[in-house]
Amino acid sequence: SPAPNNEHQGLGGELTAILIELVTRKRKGRVFPSCNLSADEDWTQNYRIPDVAVFLKGNPARDMGTHWNGGPDLAVEILSPDDRSWEKLPFYAALGTREILLIDRDPWSLTVCRLDGKEIRPQEQCSLAAGGTVQTQTVPLSWQLITPDSRPAMEIRTIDGTQQWLVEARGDVGLEEE
């Protein structure tokens, strides 16, 4: 199937860049945009592709070259219309994925789900309408939805407050001349 829309791809790219800065560049693990995940021998018959996957040092998943056999420590799923990300939670749980950040864009909300025994369950949620923040534990970040302009944005901060980023949701190309 075709790639999601440009807003979706832009968000995924920016989140990948932030996580690479925090994880890969600091030699804490590896970050991948849109990688294949499976536990099956014939992985092409049963796999999922998160928008971003973070594998921290010590993660038991194996890099098979074409896919990862096992789950990431953190998976990010950016929801699209008619998306089935919520239905993927049992699959992610079976792989041992520790944490999932679901980014819903209609209406805007963030949900952090964590592995609890053999199930992945929602733990924290915030929305553009209600406010609030969520925190990921695997990569210690605070996530908040804001509207600095007419479009929603995510303000992401390290838990210790030393770094922060603003990730804007842009459906347009955004390359207009000033």
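Predicted model: local features only at pLDDT ≥ 70, side-chain atom pairs only at ≥ 80, totals over all residues.
Residues are numbered from 1 along each chain as its sequence is written, and side-chain values use heavy atoms, with hydrogens and water left out.

**Whole chain.** I found 2 helices and 13 strands in the chain, both read as DSSP runs numbered from the N terminus (helices are H or I, at least four residues; strands are E, at least two). I also looked up burial, and 46% of the 178 residues count as buried (under 20% relative accessible area, with exposed over 50% and partly exposed in between, using a 1.4 Å probe and protein chains only).

**Salt bridges.** I counted 10 salt bridges, each being a side-chain nitrogen of Lys or Arg within 4 Å of a carboxyl oxygen of Asp or Glu.

I looked at R30 and D63, whose side chains meet in a salt bridge at 3.3 Å, N to O. This pair links distant parts of the chain, 33 residues apart, with R30 in strand β1 and D63 in strand β4. R30 is partly exposed at 41% relative accessible area, and D63 is also partly exposed, at 40%.

I then turned to E124 and R114, where the closest N and O atoms of the salt bridge are 3.0 Å apart. E124 lies in strand β9 and R114 in strand β8, so the pair ties together parts that are 10 residues apart in sequence. E124 is partly exposed at 26%, whereas R114 is buried at 11%.
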